[in-house]
Each structure stands twice: as structure tokens, then as C-alpha cells.
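Trainee: I am new to this one. Can we look at it together, one question at a time?

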Amino acid sequence: MHDVMPRFNPKDDDVSLFLVLFERQAKIMNIPAENQVIQLIPLLPPDIVQLIAGEPEEDAKKYEYVKALLLQRFKLSAEKFRQLFNKHQKVSESTWYDFYYELKNYLEVWLNGLNVKTFEQLKDLMLVHQIKKRTSMEFKEHFMDEWTTIISLTEMVKKIEDFEDVRKTIKPKLFATQTQRTNKVQFKVRYENFSKKMEHPSHLKLSDK
């Protein structure tokens, strides 16, 4: 494998793209899944090899486990792969087959990262994705910490409904409070102006006798 694949350089290379290329070469060379880690190890820097060596022996032999470990090591989350899937562009040097394989990989890692296993879960994810694009910025900010992990359609809709119900309750009270404050300020200003006029009644003219 090292004859056709460059070594992975963490400073310059994208680990996700590196793994895509590795898997493509493994497929071309008909390398069985149980031997892929053996082929991958020589392409990795020593510190990454040491990281893999620290894992349980049986897990360290599984390519999918090692792949997940590398993605976690370089902090590539399911959300990152969603972005890669949506924004990935074909480069002029690559073939359409390359582009298809890269997109397929991004999609699979995205779905695996969210534990989407069934067609029903996939439908939910697609619907949730569309609904998310149509929610208000206020709603997005409120659920920012869990935004990327909401993939259940029923959970998403319930959160929106609950949020809207609370907002409808709070806004009239907030508006009433703001109105009261505004009225108080306006009254205070009018009272102060009136008091000044009474202290300095220059506008009043005494009639000549």
C-alpha cells in the first residue's frame, strides 16, 4: 500500500480525505477488511500508531474502529461530515468516480456518527434538516449546544412547539412591562418639564394696570 499511498501528514493533510483515498485503494487492491489496519499502520506517523497500540487488541484490528479513533483524534464530528457532504466540490484533477466515492464516504460517516441505521431514521434526519433551516435565529441560539445532535423528528417538532408556546406567554408580559416603563419615563419627563416652567414662568406676562 505504501507504494501507491503517501504517508499521512497531520499538519498538511485532511484525515477524512486521506481515509477516503486509503479505502479506495484498498478496494482496488482487494484488501479484505481484516487486513486493512495492517496496511494502514505504516502510513501513519509514530504518535498515531502509538495511540492505536494503546487500544484493546481486538478493537485495534478493526478498521472501522481505528477509523473512528482517527476521526475523533482529529475532532471530526458528524456535523463536520455533514458540512463536507453538503459543500464538497469536484476538483478538476479527479474523476467523477472519485467524487462519487468521496461524497459516499462523507455521507456514510455522517450517518454513522449520528447512529442512523434505518430508512425511517434517515427520513427523520432529512426532515429535521429541512425544518432546522426554517427555524428562527432565536430558536437556533436557544438550542445551540444540542443543535447538531437533534435528529429525531418528534423531538425537533416538540422543541419548536414548546419554544413557541413559552415565547407567546412571555412576550405579552414583556411588552406590558416595557410599556409601563416607557409610560413612567414619559410621565417623569413631562413632570420635570412642567416643574421647570413653574419655577421660571417667563412665558407668563403680567397685564399692565
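**Surface, loops, rings and pockets**

Trainee: Is Y97 buried, exposed or partly exposed?
Mentor: Start with the cut-offs: buried is under 20% relative accessible area, exposed is over 50%, and partly exposed is in between (1.4 Å probe, protein chains only). Y97 has 42% relative accessibility, so it counts as partly exposed.

Trainee: What kind of model is this?
Mentor: Residues are numbered from 1 along each chain as its sequence is written, and side-chain values use heavy atoms, with hydrogens and water left out. Local features need pLDDT of at least 70, side-chain atom pairs count only at pLDDT 80 or more, and totals for chains, interfaces and linings use all residues, because this is a predicted model.

Trainee: Where does N30 lie?
Mentor: Look at its backbone: N30 is not a glycine, yet its phi is positive, about 55°. At 65% relative accessibility, N30 is exposed. Helices (H or I, at least four residues) and strands (E, at least two) are DSSP runs, numbered from the N terminus. N30 sits in the loop between α1 (15–28) and α2 (36–40).

Trainee: What is the phi of N115?
Mentor: N115 is in the loop between α7 (96–113) and α8 (119–132). With 48% relative accessibility, N115 counts as partly exposed. This residue is not a glycine, and its phi is positive, near 60°.

Trainee: How many aromatic pairs are there?
Mentor: Rings of Phe, Tyr and Trp (its six-membered ring) pair if their centres lie within 6.5 Å; planes under 30 degrees apart are stacked, over 60 edge-to-face, and the rest tilted. By this rule, the count of aromatic pairs is twelve.

Trainee: What is the angle between the planes of W96 and F99?
Mentor: The rings of W96 and F99 are 5.7 Å apart, centre to centre. They pair edge-to-face, and the angle between the planes is 80°.

Trainee: Is F99 buried or exposed?
Mentor: W96 and F99 are three residues apart in helix α7, so about one helical turn separates them. W96 is exposed, at 62%. F99 has 14% relative accessibility, so it counts as buried.

Trainee: How do Y97 and Y100 pair?
Mentor: Their ring centres are 5.9 Å apart, with 55° between the planes. The pair is tilted.

Trainee: Which residue lies over the face of W147?
Mentor: Ring pairs link W147 with F139, F143 and F163 into a cluster. A charge sits over a ring if NZ of Lys or CZ of Arg is within 6 Å of the ring centre and within 35 degrees of the ring normal. At 5.2 Å from the ring centre of W147 lies K132.

Trainee: Which helix gives the largest share of the lining of the largest pocket?
Mentor: On a 1 Å grid over the protein atoms alone, a pocket is an open set of points with protein on both sides within 12 Å along at least five of seven lines; lining residues have an atom within 4 Å of a point. The largest pocket has 26 lining residues, with E64, K67, L71, V109 and N112 nearest its centre. Two or more come from each of α1, α5 (63–73), α6 (78–87) and α7. The largest share, eight residues, comes from α5.

Trainee: Which residues lie closest to the centre of the second largest pocket?
Mentor: α8 gives the largest share of its lining, four residues. Of the 14 residues that line the second largest pocket, the closest to its centre are E79, R82, H129, K132 and W147.

How values were computed
1 Å grid on protein atoms, 1.4 Å probe; cavity = no way out; pocket = protein on both sides within 12 Å on 5 of 7 lines; lining within 4 Å.
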